Amino acid sequence: MPKKVKPAGDGKEEGPVPCKQDELWRIQEKLECYFGSLVGSNVYITPAGSQGLPPHYDDVEVFILQLEGEKHWRLYHPTVPLAREYSLEAEDRIGRPAHEFTLKPGDLLYFPRGTIHQADTPSGLAHSTHVTISTYQSSSWGDFLLDTVSGLVFDTAKADVELRAGIPRQLLLQVETTAVATRKLSGFLRMLADRLEGTKELLSADMKKDFAMNRLPPYYLGDGVELSTPGGQLPGLDSTVRLQFRDHVVLTVGPDQDPSDETREKMVYIYHSLKNRRETHMMGNEETESHGLRFPLSHIDALKQIWNSSAISVKDLKLTTDEEKQSLVLSLWTECLIQVV
């Protein structure tokens, strides 16, 4: 499952597994492009007359594809609609099933986050094998708001001296939030909401970066050299270029991540998954690295032109000098993100 692993039951089920099967890679990669969210897969093998997991709900959208044998499913109304976490549920709390059926090979089942479910392989039949494909973990409006607010506060504090004023003396020592502090925070939130209403800036830096870092690379046949080695004509000022692998590239704005820059000016960041490894898909460990480029904020309009056009002349890019235009497209071409048309 994305990010978080469910308990493995009593040894009668297998999962999750790295995305080593080409067909799963092809399916999951297309679904990640469609949903704009990580997509994981678990393979479950359950012997006849047994059940691996007790009633529970997940924090992901779930698609079940039955591969071999049969699986008897019972679905119950959620106790926590659109749940944000995995949890077991006691039998005496969930009542009677809202839906009950048996999946056979080729059947596909979908149920949303928070749906309580349990499944077993009927006695007297062959073992059951199914694959669970799941997505949309930590992809709610609440998650997006948490990701957006920090950058919004950072920008507003640079422009508004009131947000840079010191908090009341000993506020952090209080056991209750004071009425003065609550009124102040409420006013700040209204001010941030007003600022957000009028902005057209790119939002959500960390969620975009996390998605690009942990998702699958594009599905390809062969050695995939086109994902790591620039090909075709070198772009110049007279060239017309277009974006490649659009669904595998994200564009965002955030503070300069260079630790030597004390001013922390905003930069444009491009993250992509062309060089990601299937073996580390959604692992999120220390070996996972981001791939991409960064540019001064003055390049944002030119980059939006490339993103929003099916093809564009390098001369028409909204940059001050020809040197900047050529440098921008050369950087993108070297990273295999654009091609000359």
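1. Domain layout. The C-alpha centres of domain 2 and domain 3 lie 34 Å apart. The model is a predicted one. Its division gives domain 1 as residues 39-135, domain 2 as 141-198, and domain 3 as two segments, 215-281 and 290-340.

2. Overall make-up. The protein has 8 helices and 15 strands. Its C-alpha atoms fill a box of roughly 75 × 65 × 30 Å along the principal axes. Of the 341 residues, 40% are buried. Contacts between residues at least 6 apart in sequence were also examined: 81% of them join residues at least 24 apart.

3. The four-stranded sheet. An open sheet is formed by 4 strands in the order β1-β9-β3-β7, with antiparallel pairing. At its edges are β1 (39-46) and β7 (108-111), each of which pairs on one side only. From one strand to the next, the twist averages 20°. In general, strands of a sheet pair through backbone hydrogen bonds, in either a parallel or an antiparallel manner.

4. The β1-β9 pair and the helix on the sheet. Strand β9 (residues 128-135) runs antiparallel to β1, and 8 bridges join the two. Within this pair, V43 has V131 of β9 as its bridge partner. Helix α1 (residues 22-35) packs on the sheet and touches β1, β3 (61-68) and β9. The direction of α1 makes about 140° with that of β1.

5. Strand β8. How many residues of strand β8 (residues 116-120) are buried? The count is 5 of the 5, so β8 is largely enclosed by the rest of the structure. Both of its faces are covered.

6. The partner of β8. Strand β4 pairs with β8 in the antiparallel sense, over 5 bridges.

7. H56. Is H56 buried or exposed? It counts as buried because its relative accessibility is 2%, which is under the 20% cut-off. H56 lies in strand β2 (residues 56-57). A polar atom of the H56 side chain lies 2.8 Å from the backbone oxygen of P54.

8. E85. This residue lies in the loop between β4 (71-76) and β5 (87-88). E85 counts as partly exposed because its relative accessibility is 48%, and a residue has to be over 50% to count as exposed. E85 and P217 are 132 residues apart along the chain, and their C-alpha atoms are separated by 27 Å.

9. Helices α3 and α6. Two packed helices are described by the angle between their axes and by the distance between those axes. Helix α3 (residues 141-159) packs with helix α6 (residues 205-214) at an angle of about 115°, and their axes are 7 Å apart. That makes α3 roughly perpendicular to α6. On the α3 side the contact is made by D143, F144 and D147. On the α6 side it is made by A205, D206 and M207.

Definitions and conventions:
Residues are numbered from 1 along each chain as its sequence is written. This is a predicted model: local features need pLDDT of at least 70, side-chain atom pairs count only at pLDDT 80 or more; totals for chains, interfaces and linings use all residues. Side-chain values use heavy atoms; hydrogens and water are left out. Two strands pair if DSSP finds at least two bridges between them. Axes are lines fitted to C-alpha atoms, for helices over the stretch in contact, and angles run from 0 to 180 degrees between N-to-C directions. Contact means heavy atoms within 4.5 Å. Buried means under 20% relative accessible area, exposed over 50%, partly exposed in between (1.4 Å probe, protein chains only). Domain bounds come from an automatic or database domain assignment. A polar contact is a pair of N or O atoms within 3.5 Å; within protein, one must be able to donate a hydrogen and the other to accept it, and residues adjacent in sequence count only if both atoms are side-chain atoms. Angles under 35 degrees count as roughly parallel, over 145 as roughly antiparallel, 65 to 115 as roughly perpendicular and the rest as oblique.
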